[in-house]
Amino acid sequence: MPLLTEPGKRVAPAVSGGGPGIGNAGYGGGGGDGDGAGGARRLPRRMYFTGLLVALAPIMMLFAALASSYIVRQGLSKDWEMLQLPPMLWVNTLFLLASSAALELGRRRLKDGQAKSFNSWWAAGTVLGLVFVAGQGLVWWQLKQQGVYFTDNPSHSFFYLLTITHAVHLLGGVAALLWVMTGVGRLATPEGKSLRADLAAFYWHFMDGIWIFLVLLFLFGR
Amino acid sequence: MSVAHDVEEEHEVHVHQEPKEFIWKYIFSTDHKVIGKQYFLLAIVAVVIGLGLSLAFRYHLATYTPQGMFLNPDHYLQAVTMHGTILVFMVLTTAPLGGFGNYFLPIQIGAVDMAFPRLNMLSFWLTLLSFLVLIAAFVVPGGPPVSGWTGYPPLSAINSATPGMGLGQTLWVGSIAIFCLASLVGAINFIVTTLDLRARGMSLMRMPLSTWAWFITAIIALLSFAVLFAGGLLLILDRELGTSFYIPAGVVFGAKELNHKGGSPLLYQHLFWFFGHPEVYIAILPGMGIVSHILANFARKPIFGYNAMVYAIAAIGVIGFFVWGHHMFQSGMSPYVAVAFSILTMTIGVPSAIKTFNWLGTLWKGNIEFTSAMLFALGFVSLFVSGGISGIFLGQNAVDIYFHDTYFVVAHFHLIMGVAAMFSIAAGTYYWFPKMFGRYMNEPLGKLHFWLTFVSVYSVFIPMHIMGLWGHPRRYAGFEYAFLNDPMIPSMHNMITAAAFVAVLAQLLFIFNYFWSMYKGAVAPENPWNGTSLEWITASPPAFDNFGGKEPVVNHGAYEYSVPGAEKDYIMQTDPPEAAPHAAAH
Amino acid sequence: MQPLALVVALVVLVLGTVVPFFTRQHLMPEMITSHGGTIDNQIYITMFITGAIFALAQFALAYMVFRYQAKGQKATYVHGIWWVEVGSIVSSGILFIGLNLMGQGVWANMHLKEPSRQATEIEVNGQQFKWYFRYAGNDGIFGDRSAKLVDDASQNFMGVDYENDKYAKDDVVEAAIKVPFDRDVVVRLRSRDVIHDFFVRELRVKNDAVPGLEVKIPFRVDKERMYKFDLSGVTAATLDAKDVSAVKGAFESHGIKVTDNAEITPIEFKGAGGKVIKRWEFKTYAYSLYDPVNKFWPLTYSIFDEGGVMKVYKTGYEVVCAELCGNGHYTMRAEMEVVSGEEFDAWLAKRSEECKSYH
């Protein structure tokens, strides 16, 4: 007869156990069982972080594919008109960075058990994020006023395509931020909320990084 | 009590309760086993349509005259395009990975379900949506696209390029984009499940090779489908909004210049093949895993060179991303780049050769039982060798000058990613059917299925290689050339068509056997084949949570067959360590 | 029963696949270019090596299946043999990569070398579903072209700027391609709509014609042309009289079917220094297997007077399209004719003058 263990109590390593977690210790945690041989079933926390990190890979591939298309297409063509980056873009960048900072502060407050402070920082971060998206809308509107359309030049097509793709991903992030905020009341423990906050914030910072990458691409990819 | 326990509790709740209502249990199920079967059913429906189309255009080629064509040239190309798209995406990607992978990956590693069951369900429903959008192309005005499964622009980007390039082509791109999303969601689940939900003692190097193959395939899918999505996005923008990513300036249709500037058709090809080549491995790697698993079982031997097999799967996964340019040797791409791609392409032959050696090594000094599953696995090895060998021609840039886009290419990729992959699906079905449905499939019918298929597919594709040597270009709806006027050509086409009919009709036998055995097959025990891996320690079919509330603990490698000094000729992964002191090290 | 059947099937497979190749029944058509031989060699070497691997692997599979079928023996508990693993890695690596490197010389000659400056340049233009070929004319310079000037009604298929560009006026555009024998030729592949692919089997040349891109492919037709044979007892006078019956026997004895509508056309040019260049074009037709009433394919040969002996060469070939370009893809063909360098010059000079006076 094959050997099965009885359904005993699961071994649950401490949440912030560091160990071979993913990302930095502040985020990853989980793991803790360092046992390369599988070991006990891991905590969902570790699983959710693995899932998030794995999910970021295709997003990175998508932007990498579009960015390399941008460079290739620019190198090929004689019709490339470099877009004058609208100044509003820099303001938006500041909003986005500020929102990331606010979320990060909130996330740390939550870890220290300051739920109230978390709420206000988190709300501020979400609003700043929405302001960024709105600001992007303004950028597109301004460009349209100046006669810069999606289809009139490949550099313009790429600008719209990359910024819109980024904004769509960011709106997904906003949904995640709102999910953390509204879900707060339902979550039984601070740790459950903390996990959600960690995941959402991690994603948000990642989209920050993508944004910086795009700005650098627009600036130096010429 | 651990502080994390609540989080876990909440997670466990929706995993462990089996829904009672029919709709939640069988339709909108989050159970990986139900989803696996759903994928498999989808693949069966798709394969019937896809192979039906192939019969239509094979019949056309066999009976072609300029006056009375069975299909007109538009319909011929539409059939070819949809055949390719449906089989590559809806069959070869869904059945081995979505079907078997979903059903058996969690069980083989001792998990109760996938990491994210609801995402898993989403993945299936997106795949189904993608399939329906693709099929919708048949009923829209103009019908499905004619641009081939590769959909190269400008042909695919311009509605006026040729009839049938309107809504049908748009639906095609849309379907592919949805499929990309579905595959990404699916892939995330596979990877996280394998990384984080293995049973106690199930180290990576104790995983069955089938699990390894699904895991690596998921990683390949994760990285490649995102790029195809980008390619499709640009294509749809060129089609619908009039951007110029792929369409260059000075393109003339109907004696009028189009309003496009400076795009590059090669850009699409790069994005497409960056996905397209790994896609070949998405189709075939699970097959390699399944076949390894079955060969060891029925040869009653450990896998010959388990570690080398794992590294070979991983190496194929990695190198597969650096060889896409070999599809573009004659495309106008830089010839220097072609040299690099060609050499890299040859390196991928090395892990493939290792796998072949090791399959033969697994059979060597074995005790081989010839079940239907084993016959198909052996057929897979033969087809893999035959199909791989012709790849040595096509991977060489200089030789490809002659063979590019001839029937040689068609024969090559059909043997390796079409037929070989189908053989692995059939092998897996005969092998795992008792586990999935608690009944055996009919063996005599299975053997008949094997022999009809094995002989007919070789009769289809070996002659195609020869036609490729003569220079017969692919995707020709007729024979309007002097050199296609050789009397050998129609007789070859007739023979291929006859063999293709046998090959396709034989699959009806398989489908009949599948559904008949579900209800009438002989009842199977828990471990009908005396296998070692975790799927054989649980009931047939497995309980909702796979192991009936118990947690397997793994003490052995996946292929401990014929261990000297052991009681039986196999040691299950969960047998106590002392079952075979000699084997415990592995 | 099963193992034996599998052994038989695999042996039949190997013999059925390998034997036709060794009997040279099913190989490529003959080739006529200077680089073609190296490509063919590479193909044959690959065929030999892969054929051996194919046979060995299938036979090994057959052996394992037969030798180790279940007869109550106990399988041997082996996890692998290290030298088999290492050996398979090293040998397959050396074999595959070595084979590839052997082929790189061919590729380099064709694609990496700067084409000769003296090469005759021919612009090949693909469009749905026709090929058009442009020669630079007497001035040796291609005229400008623009998609805006494309006008199919006045047969300006590639938009050559006859109005404003003086280099354009003497450009020659033809629907069939003439290739000079034993000279470097560069085809400049272009397309005006979708991707096409210029493929001539006997040249061993195949490359995509991509819109928005110009790809240069060099080659040199230098092989003794196919079907070289003498026509004994035939004189220039008989040929000038276009008397097909006089040559019918000779052609048919070389396996070339002469149809009722076969014809002989004397072709004469005045070359440099008033030299007369003459040949007789012999066209017979192959009735289509698919449409014997309406369709027939020209099979073109040329008869040359070589010191009083009439010699026959195959000079007509076929350009096809090898990249899916729409519903008429399978009909996209053009004729290719190989002519002597002298005749090519004389022909081009004459056509160029004609075109110049027309524009």
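A disulfide is a pair of cysteine sulfur atoms within 2.5 Å.

**View 1. Cysteines without a disulfide.** By that rule, the structure holds zero disulfides over all chains. C:Cys321 is in no disulfide, and the nearest cysteine sulfur, that of C:Cys325, is 3.9 Å away. This is a predicted model, where local features need pLDDT of at least 70, side-chain atom pairs count only at pLDDT 80 or more, and totals for chains, interfaces and linings use all residues. Residues are numbered from 1 along each chain as its sequence is written, chains are lettered from A and ligands numbered from 1 in the order in which they are written, and side-chain values use heavy atoms, leaving out hydrogens and water.

View 2. Rings of Phe, Tyr and Trp (its six-membered ring) pair if their centres lie within 6.5 Å; planes under 30 degrees apart count as stacked, over 60 as edge-to-face and the rest as tilted. The count comes to 89 aromatic pairs over all chains.

**View 3. An aromatic pair in chain C.** C:Tyr135 and C:Trp347 are also edge-to-face, at 5.2 Å centre to centre and 80° between the planes. Both C:Tyr135 and C:Trp347 are buried.

**View 4. Charges over rings.** A charge sits over a ring if NZ of Lys or CZ of Arg is within 6 Å of the ring centre and within 35 degrees of the ring normal. C:Arg201 lies over the face of B:Phe483, 3.9 Å from the ring centre. C:Lys206 lies over the face of C:Phe199, at 4.0 Å.

Key. Buried < 20%, exposed > 50% of the residue type's maximum accessible area, 1.4 Å probe, protein only.
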